Amino acid sequence: MAFTAPKETFSGKVYNVDIGLSDKIVNFGGANTLSFHSFEGEYTNKPAIAYEIQDIPPDDWPETVKSVYSSVGDDPVKWAKYCQDDLNASAIALRLSGTHPDNGDLSADQAAETVRKVFDNINVPLIILGSNHIEKDSEVLVKAAEVVKDKNCILGKAQETNFKTIAAAAMANNLKLIAMSELDINLSKQLNIMITQMGFDKEKLIIDPMCSALGYGIEYTYSVMERIRLAALTQNDVTMQQPMYGDVGMYVWKIKEVQAGEDAEPDWGSIKERSISWEALTATTLLMSGTELLVMRHPEAVKAVESFVDEMM
Amino acid sequence: MALTGVEIFKLLPKTNCKKCGFPTCLAFAMKLAQRQIELDKCPDVSEEAKQTLGAASAPPIRPITMGAGDKAVKLGEETVLFRHEKKFVNPCVLSVGIKDTESPESVSGKIEDIGKSEIDRVGQLLKIDAVAIINDSNDAAKLEGLAKTVVEKAPDVPVIVCTENPDAAKQVLPLFAGKRPVLYGATDSNIDAMAAVAKENNAILGVRGDGLEAVSALTEKAKGAGIEDIIIDTGAVKGKDILEHNTFIRRAAIKKGNKELGFPVINFVQREDPLQEVLIAGLGIAKYSSIVVLSSAEKWKNLNLFTLRQNIYTDPQVPMQVEQKVYELSAPKPESPLLITTNFSLTYFIVAGEIENSKVPTWLAIMDCEGLSVLTAWAAGKFTAGKIAEFIKESGVENKIATKELIIPGYVAILSGALEDKLEGWKITVGPREANALPAFLKSR
């Protein structure tokens, strides 16, 4: 009896999102099938990976990843150019960590100035991220958005309690927007609905269902992402058809497994290989569940994920 | 395809004889439908019913146990494609391949690594489960030499014997008598001889065909030769092909009731680049491999893969819990702060992670709330002032700390008054609502 492959096709499709300008535009999303299922549908855009940099030196990053940027970490412009020119980054994610009230409390104007300088000195797409402080982000991201008006950047993240100002800023300045909710498909859907009801274009939105690191709840992110993607594809649900975002570097590079030395944890083996692998494996696992845009820190982890993606395409 | 309880009931004798241990045939039928009991508990079932029910009640992916004794591992039995639907059943077996062309040092190094691979993570013991001995030399004597080393140095570890040479298989398999090994390497050109060797030695047969159709034909032949326990390999090596083949196999078995492909899948993921090997093994863990064969068992690789396997195979309906006790983070001293939260594993991990990040030595009291998060546990009456007070008193932590001060999560600030009443002489302090505010909170004290 001849074997017929049980292919499945879907009525829904994920929106294609482009970021950046002219010949450096990066596209992600756009598939009408599950991750890497090019054997039964269209999965043509590779997932995009942005290198994470900060407005302040990466003093709180563990040694393995901090040392990579030791000669550039004191200046966000140098850091961004290093990622773009030396590491071949296809996009940069600038996190405005120094604006957090507990972490320097830099003003919105100072942040906007950093954004302007970084943007002016790179030609790859830019993602602008707040410090994840609800009140301060509304202030900082509004100013930051103004300096990149019409420059096709991503602004993030809008959350349930501050989305109005941030979404309005993204809309007024013609930017893409990351909407973050906390590990719940219904909260994610609800936030997308509230943002689009403000008049925000649903095709400029990116879903962040909240990232988790391997060993620290990745199974929750994984399953929420799978459910969001299945809703997009099988139910043709337009409020869930946005590409998904994984803030991998930030969640990975703070856990014990990337910081404990071999003397403290002899059963865990080489800290360098262990921690780089931790970031790469967290990223590829999330890619399998539906992520299309990753923000990562260690260049060796990024390279490994790129090779993995090449093998999957 | 699976039958419902009522459909099964129609095929039973309907005598309510109770010989099966249940009061009625209907009750027995319901248990059968849930796969909680075997049909042979009914002594009076007809042959016809046996056949119908046997075919229908068999799990879509055949359950197989490889190895024997304490280290035996189960494969197959999966029932879904996505883990949010239902728990993935038998965790992917991580095995390490050793070629018979490797140096004796390399062989003994790997065997030693496998033996020492066990790690405790969140109360579960995780390890490399099996060893694959690979007849790379195509020389039966070399494979036998390697097999003897494995028998001697790792006698309990389940073994996958990889050879396409039936004579080599015949020579080596008796070394694993009674240990339920896998004989992997049956192909279109040797299937009859390999099936005969597997049968003679009570081994599980691993078949490799080029693609799904070829594998279907091989499993049919193996079944024809009287082999029931089969594992399958479509020859996929590239990540893209592993995903495609494994997805089609899982779907065909579960959604289409395909019996030719309803077997556990083995994937060989060895790579030159160890990091790439981890990532492809991770693909296998997430996407339906029952066995992955790695090239080595370095500790850093193991920790990554064990953790992913544990995460993917947790039950999505049952919150992961950590043990109730007072955890000592960064070697706390008597004057270090004491915090309390619930035993939902995610809560524990996030809170403990933030505390460790802050580098502030801290006592962290984790209270058993059946794996619920702080607000849910409070709402469910499991994280109340009375219960917290009881736990703190019984924990004996007050003998370890200088000042009786307990820091509670900001979300349950409402409990502070009642707690001060129940924990006499204690100061109750309200901490931050979110874990990410803990470093600043602890550092500012």
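Modeller: Two residues are in contact here if their C-beta atoms, placed from the backbone, lie within 7 Å. This is a predicted model, in which local features need pLDDT of at least 70, side-chain atom pairs count only at pLDDT 80 or more, and totals for chains, interfaces and linings use all residues. Residues are numbered from 1 along each chain as its sequence is written, while chains are lettered from A and ligands numbered from 1 in the order in which they are written.

Helices (H or I, at least four residues) and strands (E, at least two) are DSSP runs, numbered from the N terminus.

Next comes the question of sides. A residue is buried if 20 or more other C-beta atoms lie within 10 Å of its own, exposed if 12 or fewer, and partly exposed in between. In α3(A) the buried residues are A111(A), A112(A), T114(A), V115(A), V118(A) and F119(A). They lie on the same side of α3(A) because their arc around the axis, taken from the directions from the axis to the C-beta atoms, is only 160°. These buried residues pack against α2 (76–86), β4 (92–95), β5 (126–129) and α4 (134–147) of chain A. On the face turned away from the buried side, α3(A) carries the exposed residues D109(A) and D120(A).

Now the backbone details. Most residues other than glycine have a negative phi, and most peptide bonds are trans. N88(A), which is not a glycine, has a positive phi of about 60°. N88(A) sits in the loop between α2 and β4 of chain A, two elements that the buried residues of α3(A) pack against. N88(A) counts as partly exposed because it has 13 C-beta neighbours inside 10 Å. Elsewhere in chain A, the peptide bond from G156(A) to K157(A) is cis, with omega near 0°. K157(A) belongs to strand β6 (residues 154–158) of chain A.

Chain B has a positive phi as well: that of E77(B), not a glycine, is near 70°. E77(B) is in the loop between β2 (73–75) and β3 (93–99) of chain B. With 17 other C-beta atoms within 10 Å, E77(B) is partly exposed.
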